Amino acid sequence: MAAGVNLIPGVAEASVSLIANDKATTAAYTGRLALDLDETQYGRGYGPCLEAAVGEEIREITDAREETRWPDYAGICVERGSLSSLSVPVPVREGIHGGLNLYAVEAHAFDDDAKGAARTFASYAAVAVHNMHLYDSARELAENLDIAMRTRAVIEQAKGIPMSQRRCDATEAFDLLAAASQRSNRKLRDIAQGIVDGVAGQDRHQN
């Protein structure tokens with residue numbers, strides 16, 4: 001799986017949930033908030049991450065202060081400081097359901113570009129879980145999510161270059177980076193860093 005992921009600005013933490021034999025676990029997470037909110041849903045037996053995984057449809061909380069589908073869970077989100085979230089199904093294999101969960105501090109954090117980017121990363125997560133032993137998948141996903149959070153600025157910079165040059169939107173720019181990563185068998189963060197460094201080098205030569 002490509003190591004980079006476009007976690008939209010404003011996302012505080014992320015996780016990947018897996019459900020097998022009616023048991024839900026968090027295979028990878030970037031911080032305590034994501035793990036606690038995941039496990040809060042597991043303990044209740046319902047919530048957006050479980051519905052997204054099993055129902056295979058995106059579930060979004062736009063403002064936890066106004067959420068009526070899961071009111072007691074939403075109250076905990078508010079207490080913990082997460083006002084919006086996005087859960088995207090991760091298609092793994094028969095008998096196992098997965099979901100990518102993005103938690104944001106601000107309400108209404110996820111626009112169409114954010115949802116498109118989340119779907120793209122969910123497909124990478126699915127490949128990782130499907131092709132590797134569960135432990136290795138969880139370890140790699142955790143590393144990838146952590147790297148993504150730390151290298152988000154570089155990916156955002158790299159996205160801005162094709163957006164400017166090709167006049168495409170953020171989702172199309174991310175897809176171009178992802179395709180380059182797959183073609184070259186290089187990690188997405190390395191592709192992004194190379195693009196940013198290349199433009200910086202051109203600017204130095206011009207000056």
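Reader: Where is Leu-100 found, and why is Leu-100 called buried?

Author: In this predicted model, Leu-100 is found in strand 5. Its relative accessibility is 0%, and buried means under 20%. Leu-100 therefore counts as buried.

Reader: How far is Leu-100 from Ser-87, in sequence and in space?

Author: Leu-100 and Ser-87 are 13 residues apart in sequence, and their C-alpha atoms are 5.5 Å apart in space.

Reader: What makes helix 1 roughly antiparallel to helix 3?

Author: Helix 1 (residues 32–44) and helix 3 (residues 71–80) pack at an angle of about 165°, with their axes 11 Å apart. Angles over 145 degrees count as roughly antiparallel, so helix 1 is roughly antiparallel to helix 3. The crossing of these two helices is right-handed.

Reader: Which residues make the contact between helix 1 and helix 3?

Author: Helix 1 supplies Leu-33, Asp-36, Leu-37, Thr-40, Gln-41 and Arg-44. Helix 3 supplies Asp-72, Tyr-73, Ile-76, Cys-77 and Arg-80. By class, five residues in the contact of helix 1 with helix 3 are nonpolar, two are polar and four are charged.

Reader: Why would residues three or four places apart in an α-helix point the same way?

Author: An α-helix has 3.6 residues a turn, so residues at that spacing point the same way.

Reader: How do you know that helix 1 is roughly perpendicular to helix 2?

Author: The axes of helix 1 and helix 2 come within 8 Å and cross at roughly 75°. The range for roughly perpendicular is 65 to 115 degrees, so helix 1 is roughly perpendicular to helix 2.

Reader: Which residues of helix 1 and helix 2 meet?

Author: Asp-38, Gln-41 and Tyr-42 in helix 1 meet Pro-48, Cys-49 and Leu-50 in helix 2. The residues of this contact divide into four nonpolar, one polar and one charged.

Reader: Which residues of helix 2 are buried?

Author: In helix 2 (residues 48–55), the buried residues are Pro-48, Cys-49, Leu-50, Ala-52 and Ala-53.

Reader: Where is Gly-45, and why is Gly-45 called exposed?

Author: Gly-45 is in the loop between helix 1 and helix 2. Its relative accessibility is 54%, and exposed means over 50%, so Gly-45 counts as exposed.

Reader: What makes the phi of Glu-56 worth a remark?

Author: Glu-56 has a positive phi of about 55° although it is not a glycine. Most residues other than glycine have a negative phi.

Reader: Which phi does Asn-21 take, and where does Asn-21 lie?

Author: Asn-21 also is not a glycine, and its phi is positive, at about 55°. Asn-21 lies in the loop between strand 1 (11–20) and strand 2 (23–29).

Reader: How do you know that Asn-21 is exposed?

Author: The relative accessibility of Asn-21 is 75%. With exposed set at over 50%, Asn-21 therefore counts as exposed.

Reader: How many helices and strands are there in the protein chain, and in what order do they run?

Author: The protein chain has seven helices and five strands. From the N terminus on, the order is β-β-α-α-β-α-β-β-α-α-α-α.

Reader: What percentage of the residues of the protein chain count as buried?

Author: Of its 207 residues, 52% count as buried. The accessible surface of the protein chain comes to about 10200 Å², and 46% of that belongs to carbon and sulfur atoms. Among contacts between residues at least 6 apart in sequence, 60% join residues at least 24 apart.

How values were computed
Residues numbered from 1 in each chain as written. Predicted model: local features only at pLDDT ≥ 70, side-chain atom pairs only at ≥ 80, totals over all residues. Heavy atoms only, no water. Axes fitted to C-alpha atoms, helices over the stretch in contact; angles between N-to-C directions. Helix = DSSP H or I, 4+ residues; strand = E, 2+ residues; numbered from the N terminus. Parallel < 35°, antiparallel > 145°, perpendicular 65-115°, else oblique. Left-handed = near helix turned anticlockwise from the far one by under 90°. Contact = heavy atoms within 4.5 Å. Nonpolar A, V, L, I, M, F, W, Y, C, P; charged D, E, K, R; others polar. Buried < 20%, exposed > 50% of the residue type's maximum accessible area, 1.4 Å probe, protein only. Areas by Shrake-Rupley, 256 points an atom, 1.4 Å probe, with all protein chains shown as cover.
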